[in-house]
Amino acid sequence: MSLEIKTNVIQPRRQTYAHIAKRLGADKPATRYQEGTWDLQPTVNFHYRPTWNPEREIYDESLTVIKMEDWYSFNDPRQLYYGTYTMARHKMMEAEESHFKFIEKSNMTALMTPEWQQKVREFLLPLRHYEWGANMNNCDFSDKAYGTAISQVGLLAAMDRLGMAQIISRVGLLLDDSSGTSLDQAKTDWMEADIWQGVRKMIEDSFVLDDWFEQCVAQNLCMDGVVFPLFYQYFDEAGASQGGAAMSMLNEFMQDWGKDERRWLDQLLKVTAAESAENAAHLSGWAADWTDRAVEAFTPIARHVLGDGADEVMQSIRADITNRAQKSGIEI
Amino acid sequence: MALKRKKKLGIKQRYSMLTRGLDWETTYQPMDKVFPYDNYEGIIIHDWDGWQDPFRLTMDAYWKFQSEKEKKLYAVIDSFAQNNGHLGITDARYVNAIKLFLTGVSPLEYQAARGFTHVGRQFRGVGPRVACQMQAIDELRHVQTQIHSMSHYNKYFDGLHSSPHMHDRVWYLSVPKSFFDDARTAGPFEFVTSISFAFEYVLTNLLFVPFMSGAAFNGDMATVTFGFSAQSDEARHMTLGLEVIKFMLEQDERNIPIVQRWMDKWFWRGNRVLALVGMMMDYMLPKRVMSWREAWDIYFTEAGGALFQDLARYGIRPPKYADIATKEAEHISHQTWHTFYNYSKAAAFHTWVPEKEELDWLSEKYPDTFDKYYRPRLEYLDKEEKAGRRFYNDTLPMLCQVCQIPMLFTEMDDPTTISFRSSDYNGDTYHTCSDGCKDIFDFEPAKYVQSWLPVHQIYQGNCGGAGIEDVLKWYNLNLGADNLEYKGSPDQKLWDEWQAHRKKA
Amino acid sequence: MSRIVSITLQNNDEARPIIEAIEKDNPDATVNIYPAMVKIDCEGRLIVKQETVEELLGREWDVQELHLSIVSIAGNVDEEDDYFELSWNL
């Protein structure tokens, strides 16, 4: 027996907003991502020029050498707008919280060999500053980007980097019994230890890049392309035989996040490279430069943690970045 | 997020380690190159560590609380759509308040998201950067939840279909657009003074409470829900605004006159934008919450009074022309509505003469001004309309160079005289609507002469063509649907149909 | 001369124990009820105590959960693990 519920049927006069219907090619129902993203950013009739940089407009396509006929050719494959973003991250964080809880309750960090614990303090904890640098770069590129679609992924990424910087900081507090001494040491390492200076210099150089698209490529493709596999896969594997299971659990957030980043980034690069040979050339040039730099900068840390196997690992990582970029139409 | 695991670290200390300690003084690149924009406004900061974090929200807590709010909010939005919630409003005249909101205010939320992203990178102190970034993403939340909530209204009512397009072009929308462009193009310290302090602290309640209470009183559940949900974010924004001010004032006493000037400027620009809200409260809501005058008394005079007493110890005084704004509260809603009534051909919302009971309410709420200056005019317009001569003004108004509102405000001590000021700059004469706007112009004339004034642009032929219909099409206005008198509009006809249908069923 | 601090909360199930706790811990406070919200005014200082809320709620309560219910505030904020306070400096 079927149940028929009579409702007061009132025909809607239109399905969505006019600018959304225009992009869809017809007046039909739109997704929340589409309605919340397309055409939000003003494009014309600005009233004043920035007093902090009068050479440009408030929203300005010329802040990058990349040229797009339509800055909404790119859409986030994850379809993340604010609501779905916070829910997705909360879900990831709930899992991470239960890891922290379990590790504390079971005193799991005690299983780590003293050597590995020391290594973790040296390679992982200073990475909180790398994450803070990534926050700054994603915030910067989000600020200057043209169009809501691209600006949005940058802002979400910036907040994520703060989140990961805080997770790493909590790992430190876990290891130093909430005294904070491990974080003080990590700061000193970041500022002074030899193995970190190549990285810090690279990050600071990326802070002052003029072209926001180059900044996005440098940070999110090249540097992250090294960091996420190196720290959360290769270093993680190295720790497995030294009682590093607790770290493996806590790495889960970052591992999942790294995969999530690739989804939008690879799509952005693909769409942008496919637009024109000039775009592809710019992207390739940047990717080549910054991949070289990133591999070089992180090699000392890789050697410190992995010893002899480090150089081979770095080559493998470089090859992965190259292959991945190629799939997006970028030649490194 | 269990802060109770270890009581070793207090909330302040833990937050400090998880946030403040992340930053560092760059050495491979000079700090001034990494932070090129936070030094030129004359604001002196000796010690960024003096910044007190207003709320200590780590990202895990942020994602947790915000996702919970979003789940609840979207459940209501879905339910509203499913149950034809739009039928529950008092009557379709109410929707014009939403049209004003979606085209005038929502785009400002997006600008705020981008503006806070900018200062979230450009301040050299890590504490303010984090607070500003959180605000940036909150503002993204606001614009998107507003677009999503009002999506359902767009399906049934006119005037909601092209908010971004209209915001960038339509004459009255240059009022909020120029307001925020002004803030965006100012330096980072002025930006936070204008938005975080003046807008989000001093004046915010005068924007949100009228709209949200108006929604509650008029059966608009979607807006009430998103409004309250957004307001919980606003509490954090207000605290940022207050902290920013105190920080600047405490760092160096040379900051005081700069901050005072910004307060004066942004109080006045904000007050001008709020004229649209005053009009909404007094004229657009079929069921009225309180008068603009009453809202001003509670949310500015009373609340602002306590605030400025607190700031007095820094040498800050209440904003210049606060007394004028207070006098204006008796008049501006009536003057503004009358202007929109005139220009209803060119607006993307309807206007009308209030019903008799509504006129009586206005008489009661404005005993010193309404019957004397405004009621007779409205009764005349009503008579004309009934005689088949609904009045539409076919000329274009002169706009104030700064706030870009038509020159409709009168001298507060003589409501029969238009308030009119002028300034000369580089051989040209510029016009402003008040001493407040004139002061703003005179301090930075090179900035305000850049204004994209809609009426000037129309006359220069930059807005679609020589005729008014060309311009309205360029605005993407649906002629005969989005504009004109409420009575006889498609919105009204449909509303009556739906009500009749409900009674039958 | 107004020295009033104020907190406005959503008038719903979640906020009820918080509202009650505020009334309990701030006997001089005035509670104003508006559509869908409650505005609580107090002279000079107003405190929300974790302990009191937990008693009324019957479970552990994080002071930061206040974020779910706040509509508006007036006053300088002092946020700690076990309380949330608003005040104007006298």
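1. Let me start with one residue: B:Lys177 counts as buried because it has 25 C-beta neighbours inside 10 Å. Here a residue is buried if 20 or more other C-beta atoms lie within 10 Å of its own, exposed if 12 or fewer, and partly exposed in between, with C-beta atoms placed from the backbone. B:Lys177 is found in helix α8 of chain B. Helices (H or I, at least four residues) and strands (E, at least two) are DSSP runs, numbered from the N terminus.

2. A word on the ground rules. This is a predicted model, in which local features need pLDDT of at least 70 and side-chain atom pairs count only at pLDDT 80 or more, while totals for chains, interfaces and linings use all residues. Residues are numbered from 1 along each chain as its sequence is written, and chains are lettered from A and ligands numbered from 1 in the order in which they are written.

3. Back to B:Lys177 and its surroundings. Leaving aside neighbours within four places in sequence, B:Lys177 is in contact with A:His47, B:His167 and B:Asp168; two residues are in contact if their C-beta atoms, placed from the backbone, lie within 7 Å. B:Cys403 is 226 residues away from B:Lys177 in sequence, with 9.8 Å between their C-alpha atoms.

4. Now for the packing of helix α8 of chain B. Its axis and that of α5 (residues 106–122) of chain B come within 10 Å and cross at roughly 5°. Axes are lines fitted to C-alpha atoms, for helices over the stretch in contact, and angles run from 0 to 180 degrees between N-to-C directions. The crossing makes α5(B) roughly parallel to α8(B); angles under 35 degrees count as roughly parallel, over 145 as roughly antiparallel, 65 to 115 as roughly perpendicular and the rest as oblique. On α5(B) the contact is made by B:Leu108, B:Gln111 and B:Gly115, and on α8(B) by B:Pro176, B:Phe180, B:Ala183 and B:Arg184. These residues divide into four nonpolar, two polar and one charged, where Ala, Val, Leu, Ile, Met, Phe, Trp, Tyr, Cys and Pro count as nonpolar, Asp, Glu, Lys and Arg as charged, and the others, Gly among them, as polar.

5. Between chains A and B, the contact takes 67 residues from chain A and 71 residues from chain B. α6(A) gives the largest share of the chain A side, 11 residues. That side holds 30 nonpolar, 20 polar and 17 charged residues.

6. Chains B and C meet through 29 residues of chain B and 26 residues of chain C. On the chain B side, the largest share, nine residues, comes from α11(B). The side of chain B that touches chain C comprises 15 nonpolar, eight polar and six charged residues.

7. Chain C has an open sheet of four strands in the order β2-β3-β1-β5, with antiparallel pairing; two strands pair if DSSP finds at least two bridges between them. The edge strands are β2 (30–34) and β5 of chain C, each pairing on one side only. Neighbouring strands are turned by 15° against each other on average, direction ignored. β1(C) and β3(C) share seven bridges, and C:Ile4 has C:Glu43 in β3(C) as its bridge partner. α11(B) packs on this sheet, touching β1, β3 and β5 of chain C, and its direction makes about 30° with that of β5(C).

8. Finally, β5 (residues 70–74) of chain C is mostly covered, with five of its five residues buried. β5(C) pairs with β1(C) in the antiparallel sense over four bridges, and C:Ser6 stands opposite C:Ala74 in β5(C).
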